[in-house]
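Please consult the sequence and the model shown here while reading.

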Amino acid sequence: RRKNAVDYKTPNFGGMYASVQWSTDELTNISNDVPNVLSMALAYKSGPLYVAFGYEVHNNLFGGSKNTASALRNSSTVGASSKDTATQADVKYRMGMHTFEVNFIQKKYTEDTPATGMLFKDYQNNAFLVAWQARWSSFVHTQLMMVKASAGSCSFVDGSTCSTTGLDGTEIAAGVALNLSKRTSVFAPYG
C-alpha cells in the first residue's frame, strides 16, 4: 500500500463491487509535478465464478526511466513527464475441489521530454497466467501454473533502434502444500 492514499470500496451489489485508490507523493519531482497513482478495480463474485478487471495509472513516477540505463533516463530532465498504465483481467472458476484461473495484463510506460537524443520514450508488453489448484483434502493442496510475458516493444525519442530482445519469458511451476494445522503449512515449490 502506498503512503498518502485515499481508498473507497463500494458495497456489494448482487455480487458486484468496486474500489478506487488515489495516492500522492509528499515531494515534487524536478519539474515541480507531484507524482500520483490512481487504481481502480471492478469485481464480480457469484457461486464458483470470480471475474475482476483492474486499471492503474502512475503519473510522473518514471517507471520506464527507472528501469533503463542512466544515460537513457528522463527522470532528471526539467519539463519531462511520464504516464505508466496497467490493465488487468482475472477469471477464476471453482469446480468441486479444483480452481482454474486465467489472468491477462498489459503494461505501458510512456514518457514525454523536451530533450532530444537517445532517451527512453515508451515500452509496452503483455503477459498472461494460467493456473490450476486442487484441494485433495484438508491436508494436501497442489497447484500448477504457467506464466508467459512477451518481449514487448519500445522506442527512443530520436527514433534509434530499441531492442526488447531477452525481455520475454515463460515459467512453469508446480507446488504442494501440506497443512499441518489451521495456522501452519509447509509449501514445496518447483519451477
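Buried means under 20% relative accessible area, exposed over 50%, and partly exposed in between (1.4 Å probe, protein chains only). Strands (E, at least two residues) and helices (H or I, at least four) are DSSP runs, numbered from the N terminus.

The model is predicted: local features need pLDDT of at least 70, and side-chain atom pairs count only at pLDDT 80 or more, while totals for chains, interfaces and linings use all residues. Residues are numbered from 1 along each chain as its sequence is written, and side-chain values use heavy atoms, leaving out hydrogens and water.

Strand E7 (residues 120–135) runs antiparallel to E9, and four bridges join them; strands pair if DSSP finds at least two bridges between them. Gln124 stands opposite Ser153 in E9.

The whole structure holds one disulfide, that is, a pair of cysteine sulfur atoms within 2.5 Å. Cys154 and Cys162 form a disulfide, with their sulfur atoms 1.7 Å apart. The torsion about their S-S bond is about -110 degrees, so the disulfide is left-handed.

A further residue, Asn74, lies in the loop between helix H1 (63–66) and strand E5 (81–95).

| Residue | Relative accessibility | Class |
|---|---|---|
| Cys154 | 17% | buried |
| Cys162 | 23% | partly exposed |
| Asn74 | 0% | buried |
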